[in-house]
Amino acid sequence: MKKIVISTGGGDAPGLNAVIFAVVQASHNRGWEVYGSRSGYLGLLDHDELIRLTPDMVADITSMGGTIIGSTNKGDPFAMPIENLAGQVEIHDVSDRVMKTFDRMGFSCHIAVGGDGSLEIAHRFATEKGMPVIGVPKTIDNDLLATQLTFGFDTAVSTATEALDKLHSTAKSHDRVMVVEVMGRDSGWIAMNSGISGGADVILIPEIPFDIRKVCDKINENELYDKNYAIVVVAEGATAVDHDVIHKGEGETGRAEVVLGGVGEWVAKEINRCTGKDTRSLVLGHLQRGGSPTTFDRLLALRFGATAVRLAEAEQFDHMVALAGDEMVAVPLADAVEKRKKVPIGGDRVRTATEIGISLGADIVI
Ligand code: F6P
């Protein structure tokens, strides 16, 4: 009998619970046991935070957002922030403690569900500590190169598109420019897909540094055919030419990345300055991470979970499950964490956007 431990790390994404359901059910059907490690690796650091997951506990979670075992983006066991007696935070490598719990519990495999950061940690455990690890890709940003899609992305895009649909009527009623900031740290997939589908006039993504004058030109051009309002979608990681990324100051303790946010407000102010039009900005933020996963995300998550158990059975460790065409495949974790998946400038989305009159804030030559 195998004993599996599953963890969910990084920002949550709709579909995590569907992965957990599939892992528990597919393992149970093989006569195996599954444990959930609370908040990423916490359960593997503190035995009390390990939860035995049984089919009755997961019976109705597939359609639920979030993750029943919790998640964190501050829990890297190779660099864990720990408060000393004087109240100061020190960074410690506690990876050996994780391995001790793993071995003491008699686990035969760790299924690590996460984005680039969590999968990188999982890969380190596999290569440096010999932990039998299988990765499952998760991120609403869809920025993992080794899989065609990640679950959570479709739900996030649907939420953003619905928001854009609703903004048209109020923007039109007031002759305003509405600037909508969506998630997307390094990649503009959410902005691109929702912006094209939701009728945006301008889409700004991290892959294409934008010139604010070109954004204003597009909004002024709208007036030529009596369209007195505009919708601008901007990914949180988008930058203006000659400007750095706009963020909210230093990162939180134990977290490698800065917390992004503010570019939408900046763009709205600049548009007001150069066009004289009334502007409003809003940040969709964590709404995009919440709620019930779409059918597409549920199915993808369930297939990922079932495939991860298949890989555990075949002992194909240090690999990640991935979608290739309509097939489930296994890719080495090393390839999965190597680099991020960007919106291709020469790709069809960029081409479609420009052909249907959407400005990307830059001159695009395809
Ligand atoms: O990686 C997913 C993501 O949604 C990013 O787009 C965003 O920058 C980040 O998570 C936000 O994280 P937090 O929940 O810590 O603010």
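Cys274 is partly exposed, at 34% relative accessibility. Partly exposed here sits between buried, which is under 20% relative accessible area, and exposed, which is over 50%, with a 1.4 Å probe and protein chains only. What you see above is a predicted model, in which local features need pLDDT of at least 70, side-chain atom pairs count only at pLDDT 80 or more, and totals for chains, interfaces and linings use all residues. Residues are numbered from 1 along each chain as its sequence is written, and side-chain values use heavy atoms, with hydrogens and water left out.

I start with that cysteine and its partner. How many disulfides does the structure hold? One. A disulfide means a pair of cysteine sulfur atoms within 2.5 Å, and here Cys216 and Cys274 have their sulfur atoms 1.8 Å apart. Cys216 belongs to helix 8, residues 212–224, and Cys274 to helix 9, residues 263–275, so the bond ties together parts that lie 58 residues apart in sequence.

Two packed helices are described by the angle between their axes and the distance between the axes. The axes of helix 8 and helix 9 come within 10 Å and cross at roughly 60°. That makes helix 8 oblique to helix 9. The axes are lines fitted to C-alpha atoms, for helices over the stretch in contact, and the angles run from 0 to 180 degrees between N-to-C directions. Under 35 degrees counts as roughly parallel, over 145 as roughly antiparallel, 65 to 115 as roughly perpendicular, and the rest as oblique. The crossing of this pair is right-handed. Right-handed means that the near helix is turned clockwise from the far one by less than a right angle, and left-handed means anticlockwise.

Which residues of helix 8 meet helix 9? They are Ile212, Val215, Cys216, Ile219 and Asn220. On the helix 9 side, the residues they meet include Trp266, Val267 and Cys274. Contact means heavy atoms within 4.5 Å.

A second pair is helix 6, residues 153–174, and helix 7, residues 189–197, which pack at an angle of about 45° with their axes 9 Å apart. Helix 6 is therefore oblique to helix 7. This crossing is right-handed too.

Next, helix 5. It runs over residues 116–129, has 14 residues, and reaches 19 Å from its first C-alpha to its last, close to the 20 Å expected at 1.5 Å a residue. The expected span is 1.5 Å times one less than the number of residues. Its buried residues include Leu119, Ile121, Ala122, His123 and Phe125. Among the elements covering them are helix 4 (95–104), strand 6 (109–114) and strand 12 (319–324). His123 in particular is buried, at a relative accessible area of 17%. Leaving out residues up to four places away in sequence, His123 touches Asp318, Leu333, Ala334 and Val337. After helix 5 comes Gly130, whose phi is positive, near 75°.

Helix 10, residues 295–314, has 20 residues and reaches 29 Å between its first and last C-alpha, close to the 28 Å expected. Among its buried residues are Leu300, Phe304, Val309 and Leu311. Just after helix 10, Glu315 takes a positive phi of about 55°.

Is helix 1 largely enclosed or largely open? It is largely enclosed by the rest of the structure, because 10 of its 13 residues are buried. The buried ones include Leu16, Val19, Ile20 and Val23. His28, also in helix 1, is partly exposed at 43%.

Last, a loop. Gly254 lies between strand 10 (230–235) and helix 9 and is partly exposed, at 27%. Gly254 and Asn73 are 181 residues apart along the chain, yet their C-alpha atoms are separated by 8.2 Å. Leaving aside neighbours within four places in sequence, Gly254 is in contact with Asn73, Lys74 and Pro81.

Terms used
Helices (H or I, at least four residues) and strands (E, at least two) are DSSP runs, numbered from the N terminus.
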